[in-house]
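Work through the exercises below with the sequence and the model at hand. Each task is followed by a solution in steps.

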Amino acid sequence: MGYNFELGDIAINESLKILRNQCWKLLPIFEGKDINNEIIYTPDEAYENYQKHLTFLITKVSGASKIWIDNQYYYELAMILNGMRDFTKDEHDRVKYMVHHCTHLIEKMKTEVFNDA
């Protein structure tokens with residue numbers, strides 16, 4: 001790792017769990033849904049919220065680059081999240097597919113980390 005600290009197994013596992021959940025939240029945010037799964041935002045508001053949350057995720061993933069420097073799935077995740085910025089508000093199926101793919105990549109990151117330990 002490139003930082004002056006080492007993450008233990010529990011911290012890595014929890015960090016990846018949080019990241020997966022934050023990626024998963026992209027879909028209901030894009031759909032304009034609240035925590036009760038009810039649509040409360042207009043398509044324009046939902047898209048704006050999606051872009052904000054996506055920017056947050058990209059910042060978080062980019063900031064972890066020194067931690068995941070040797071993990072191939074990390075780089076694919078970072079590229080996909082950046083590419084999702086270009087999706088339009090009419091591309092629900094595309095967002096849904098990529099959200100599922102991102103959560104799958106995070107699970108692969110976890111498997112790779114713990115199998116290499």
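**Exercise 1.** Decide whether Ile 69 is buried, partly exposed or exposed.

Solution. Start with the cut-offs: buried means under 20% relative accessible area, exposed means over 50%, and partly exposed lies in between (1.4 Å probe, protein chains only). Ile 69 has 46% relative accessibility, so Ile 69 counts as partly exposed. Helices here are DSSP runs (H or I, at least four residues), as strands are (E, at least two), and both are numbered from the N terminus. Finally, take a distance: 27 Å separates the C-alpha atoms of Ile 69 and Leu 27, which are 42 residues apart along the chain.

The model is predicted: local features need pLDDT of at least 70 and side-chain atom pairs count only at pLDDT 80 or more, while totals for chains, interfaces and linings use all residues. Residues are numbered from 1 along each chain as its sequence is written, and side-chain values use heavy atoms, with hydrogens and water left out.

**Exercise 2.** Classify Asn 37 and Lys 110 by accessibility.

Solution. Take Asn 37 to begin with: its relative accessibility is 52%, so Asn 37 counts as exposed. Asn 37 belongs to the loop between α2 (26-31) and α3. The phi angle of Asn 37 is near 65 degrees, a positive value in a residue other than glycine.

Now turn to Lys 110, which is part of helix α5 (residues 92-116). Lys 110 has a relative accessible area of 17% and is therefore buried. Then list its contacts, where contact means heavy atoms within 4.5 Å. With neighbours within four places in sequence left aside, Lys 110 touches Asn 13, Leu 16 and Arg 20.

**Exercise 3.** Describe how α1 and α3 pack.

Solution. Helix α1 covers residues 9-24 and helix α3 covers residues 43-63. The angle between them is about 155 degrees, and their axes are 10 Å apart. Axes are lines fitted to C-alpha atoms, for helices over the stretch in contact, and angles run from 0 to 180 degrees between N-to-C directions. Angles under 35 degrees count as roughly parallel, over 145 as roughly antiparallel, 65 to 115 as roughly perpendicular and the rest as oblique. The pair α1 and α3 is therefore roughly antiparallel.

For the residues, look at both sides: Ile 18, Leu 19, Gln 22 and Cys 23 of α1 meet His 53, Phe 56, Leu 57, Lys 60 and Val 61 of α3. These divide into six nonpolar, two polar and one charged. In this sorting Ala, Val, Leu, Ile, Met, Phe, Trp, Tyr, Cys and Pro are nonpolar, Asp, Glu, Lys and Arg are charged, and the others, Gly among them, are polar.

**Exercise 4.** Summarise the secondary structure and burial of the whole chain.

Solution. Count the elements: the protein chain has five helices and zero strands. Buried residues make up 35% of its 117 residues.
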